[in-house]
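The sequence and structure are shown first.

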Amino acid sequence: MGNSTQIVSFVLAMYGNIGNLKYLFFTLAMLLYTSVIFANVVLIVIIYVDRNLHEPMYLFLCSLFANEISGSTTLLPCLMTQLLSETHEISVFYCFIQIFSIHAYVGVEYANLTTMAYDRYVCICKPLHYNVIITKRRVQQTIVAIWILCFMEVGVLLSFTARLKLCGNIINNVACGNHLVVKLSCSLDTIVSEIHDLLFGLVFAVVIPTSFISYTYIKILAVCLKSSKETRRKAFSTCTPHLVSLINFAFGCFYGLITQRYGTMFLPYPLRLMSSMYLLICQPLLSPIMYGLKLSKIRHACKNFLTSKIM
């Protein structure tokens with residue numbers, strides 16, 4: 001055990017001394033953040049305005065797009081601030097807010113992707129019962145429950161971490177992370193926080209949703225193999241964005257869990273810097289692109305929306 005002191009701020013050591021490159025990185029981060037906000041807000045507005053898109057599936061998409069905005073806002077404004085900072089310090093309060101936001105983003109994202117997989121399963125495998133099982137009211141209740149339960153779960157996680165006595169304030173990352181803060185503790189009771197972090201980060205947020213999603217896609221594949229070519233084509237067009245988004249997000253979560261525990265010092269600095277931001281940059285930008293381009297209803301609604309504004 002080390003000597004604990006009252007920690008008032010953490011130092012995000014990943015930024016290092018990048019010299020004048022910080023202005024280039026700042027510009028890129030600002031462009032990325034602007035693109036994420038623009039793409040997701042546009043699709044939310046289009047779904048809200050076009051009554052043809054007032055269906056359960058698109059309500060789930062609105063929740064997904066809102067969460068992408070939340071995820072990118074968790075990282076990129078802080079990133080831009082730290083790039084121009086000389087000390088790269090972040091207050092303990094804001095650090096815990098960032099941890100809360102990142103974990104909530106991951107939980108809500110996986111829950112959204114899981115419910116969307118179930119929506120596709122019912123639509124393709126039980127089309128006659130779709131309007132009975134998947135209703136707007138149930139979807140709205142599910143979305144609200146997802147956000148509330150994820151917030152509560154992360155709140156419990158942070159309640160354990162906040163009690164720990166810290167013997168250091170150097171975080172080797174571009175953002176705060178629960179495990180990174182726990183590693184700074186000089187307490188002997190970190191096992192409770194680590195177990196809860198593992199359960200939330202791996203079992204509840206990854207293993208269980210992934211298992212359920214895999215089951216739904218096995219059922220969808222079984223139905224498609226027995227169906228007509230047209231049915232397979234429609235199933236492929238609606239499931240592709242979801243699968244791409246899911247695989248990308250699962251990879252980002254797995255990479256984040258591994259690197260927070262074992263580090264990335266073996267990677268070159270620029271690659272280490274970019275890879276540490278992968279999940280909170282690529283996913284918020286990929287989701288609106290995939291769903292906006294692949295789903296014909298959204299694509300046509302975008303064209304109609306732009307045409308009406310131009311006219």
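## Helix 2 and helix 5

The axes of helix 2 and helix 5 (residues 136–161) come within 9 Å of each other and cross at roughly 20°. Axes are lines fitted to C-alpha atoms, for helices over the stretch in contact, and angles run from 0 to 180 degrees between N-to-C directions. Helix 2 and helix 5 are therefore roughly parallel to each other (angles under 35 degrees count as roughly parallel, over 145 as roughly antiparallel, 65 to 115 as roughly perpendicular and the rest as oblique). Their crossing is right-handed; a crossing is right-handed if the near helix is turned clockwise from the far one by less than a right angle, and left-handed if anticlockwise.

Helix 2 contributes Pro56, Leu59, Phe60, Ser63, Ala66 and Asn67 to the contact, and helix 5 contributes Lys136, Val139, Gln140, Thr142, Ile143 and Trp147. Contact here means heavy atoms within 4.5 Å. By class, the contact of helix 2 with helix 5 has 7 nonpolar, 4 polar and 1 charged residues (Ala, Val, Leu, Ile, Met, Phe, Trp, Tyr, Cys and Pro count as nonpolar, Asp, Glu, Lys and Arg as charged, and the others, Gly among them, as polar).

## Basis of the model

The model is predicted: local features need pLDDT of at least 70, side-chain atom pairs count only at pLDDT 80 or more, and totals for chains, interfaces and linings use all residues. Residues are numbered from 1 along each chain as its sequence is written, and side-chain values use heavy atoms, with hydrogens and water left out.

## Helix 2 and helix 3

Helix 2 (residues 56–84) also packs with helix 3 (residues 92–125): their axes come within 9 Å and cross at roughly 160°. These two helices are therefore roughly antiparallel to each other, and their crossing is left-handed. In this contact there are 13 nonpolar, 8 polar and 4 charged residues.

## Overall architecture

The chain has 11 helices and 3 strands, where helices (H or I, at least four residues) and strands (E, at least two) are DSSP runs, numbered from the N terminus. From the N terminus on, the order of elements is β-α-α-β-α-α-α-β-α-α-α-α-α-α.

Of the 311 residues, 47% count as buried (buried means under 20% relative accessible area, exposed over 50%, partly exposed in between, with a 1.4 Å probe and protein chains only). The accessible surface of the chain comes to about 16,200 Å², of which 69% belongs to carbon and sulfur atoms; areas come from the Shrake-Rupley method with a 1.4 Å probe, and for residues only the protein chains shown count as cover. Among contacts between residues at least 6 apart in sequence, 81% join residues at least 24 apart.

## Gln82 and His88

Gln82 is found in helix 2 and is buried, with a relative accessible area of 5%. Not counting residues up to four places away in sequence, Gln82 touches Leu12, Tyr15, His88, Glu89 and Ile90.

His88 lies in the loop between helix 2 and strand 2 (89–91). His88 is likewise buried, at 12% relative accessible area, and its phi is near 60°, a positive value in a residue other than glycine.

Ser35, in helix 1 (residues 21–49), counts as partly exposed at 34% relative accessibility. Ser35 and Leu285 are 250 residues apart in sequence and 7.4 Å apart in space, C-alpha to C-alpha.

Leu257 belongs to helix 8 (residues 229–262) and is partly exposed, with a relative accessible area of 21%. Between Leu257 and His179 there are 78 residues of sequence separation and a C-alpha to C-alpha distance of 8.9 Å.
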